[in-house]
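Please look over the structure below before reading on. The text after it is meant for someone who has not seen this chain before.

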Amino acid sequence: MDQHSSLKLLGSWADSHTHRVQLALKLKGLEFDYQEEDVVNISPALVLHNPVYKMVPVLLHKDRPVVESVVILQYIDETWAGNPLTPADPFERAVARFWCHFAEDKLAPAVGAVFSSSGEGQKAAVDQVHENLKLLECEMRDGAFKGRRFFGGDKIGLLDVVLGCGSYWLAVFEEVMEVKLVDPESFPAFHAWLRDFEEQNEVKETIPAIDKLLEYARGVRQMMLSLSSSTSTSVPATAAANATGNDDVAVDAIDGSSG
């Protein structure tokens, strides 16, 4: 049985984790069926295939589910050898995986906090984003990724997919929240990398149009503000999650609350 003909992806159009998997499949030249999921009223299929987290994305390969986006990316790369996403050298693979973890553990929560806060809290969140971007900028200028076009080298690799699929929210949040997150003078290497990443054909085919993302983010932000003003206490985490549809706009802008 052709392994290429038995792929199905359960995802959500605004979810950066879904975009990661879509982009990886395209970079690998793999055909797949796509099923759009309502992340508020989740389908029986999503519950069946991801009963632990009940979140997108889920990749079905020969009806066997693989969940969590970075796990899915590694599975894709190990199953189909062509157009590798991870370096052949074990140390370089470890470095790429470390910075993938950094993106999810440090950078994404900071960007999410910018979107979900205001006033002094938002200023502190912006400062934290800048501190995290400084670390990446240093690695790109003088560290492990010095002299590379992409984190993966001459071609997009694992870390490019993880960081890039979500970095487009930076520009969205800058406009919606009227803050500056990526100053090309402060972060020239990161800014240049992001522009180059976004110009790749596979990326253009994957990332939704900016006006659609702006409309979506403004709607989520307004809903969160309405929830905040309707109660004298902080909005419960469950309410905020419902407001964002459990996808990755308000909680983790670059990587999201989904897998």
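The model is a predicted one. The chain has 259 residues, and 47% of them count as buried. Its accessible surface comes to about 12200 Å², and carbon and sulfur atoms supply 52% of that area. The secondary structure consists of 10 helices and 4 strands. In sequence order, these elements give the pattern β-α-β-α-β-β-α-α-α-α-α-α-α-α. Among contacts with a separation of 6 or more, 69% are between residues 24 or more positions apart.

The next topic is a pair of helices. How are H1 and H3 placed relative to each other? Helix H1 covers residues 16-27 and helix H3 covers residues 69-79; their axes lie 9 Å apart and form an angle of about 10 degrees. Angles under 35 degrees count as roughly parallel, and H1 and H3 are therefore roughly parallel to each other. On the H1 side, the residues that meet H3 are His17, Arg20, Val21, Ala24 and Leu25. Their partners in H3 are Ser69, Val70, Ile72, Leu73 and Ile76. Sorted by class, this contact contains 7 nonpolar, 2 polar and 1 charged residues.

Which residues of H3 are buried? They are Ser69, Val70, Ile72, Leu73, Ile76 and Asp77. When H3 is viewed down its axis, these buried residues fall within an arc of 160 degrees, so they line one face of the helix. The spacing can be read against a general rule: an α-helix has 3.6 residues a turn, so residues three or four places apart point the same way. The buried residues of H3 pack against H1, and also against strand E3 (58-61), strand E4 (64-67), helix H4 (90-116) and helix H6 (158-177).

Strand E3 contains Val58. Is Val58 buried or exposed? Its relative accessible area is 0%, and the limit for a buried residue is under 20%, so Val58 counts as buried. Neighbours within four places in sequence aside, Val58 is in contact with Lys8, Leu9, Leu10, Leu46, His49, Asn50, Pro65, Val66, Val67 and Ile72. Of these, Ile72 is also one of the buried residues of H3. Lys8 stands 50 residues from Val58 along the chain, and the C-alpha atoms of the two are separated by 8.3 Å.

The loop between helix H2 (44-49) and E3 holds Pro57. The peptide bond that leads from Val56 to Pro57 is cis, with omega near 0 degrees. Lys54 lies in the loop between H2 and E3 as well. Lys54 is not a glycine, yet its phi is positive, at about 55 degrees. With a relative accessible area of 37%, Lys54 is partly exposed.

Another positive phi belongs to Glu68, a residue other than glycine, where the value is near 75 degrees. Glu68 is in the loop between E4 and H3. Its relative accessible area is 30%, and Glu68 is therefore partly exposed.

Two further loop residues remain. Where is Trp13? Trp13 lies in the loop between strand E1 (7-11) and H1. At 26% relative accessibility, Trp13 counts as partly exposed. Residues up to four places away in sequence not counted, Trp13 touches His19, Tyr34, Glu36, Pro208, Lys212, Leu213 and Tyr216. Leu213 is 200 residues from Trp13 along the chain, and their C-alpha atoms are separated by 9.8 Å.

Gly152 is placed in the loop between helix H5 (119-142) and H6. Its relative accessibility of 47% makes Gly152 partly exposed. With neighbours within four places in sequence set aside, Gly152 is in contact with Gly157 and Asp160. Gly152 and Thr86 are 66 residues apart in sequence, and the distance between their C-alpha atoms is 7.3 Å.

Key
Residues numbered from 1 in each chain as written. Predicted model: local features only at pLDDT ≥ 70, side-chain atom pairs only at ≥ 80, totals over all residues. Heavy atoms only, no water. Axes fitted to C-alpha atoms, helices over the stretch in contact; angles between N-to-C directions. Helix = DSSP H or I, 4+ residues; strand = E, 2+ residues; numbered from the N terminus. Parallel < 35°, antiparallel > 145°, perpendicular 65-115°, else oblique. Contact = heavy atoms within 4.5 Å. Nonpolar A, V, L, I, M, F, W, Y, C, P; charged D, E, K, R; others polar. Buried < 20%, exposed > 50% of the residue type's maximum accessible area, 1.4 Å probe, protein only. Arc of directions from axis to C-beta. Areas by Shrake-Rupley, 256 points an atom, 1.4 Å probe, with all protein chains shown as cover.
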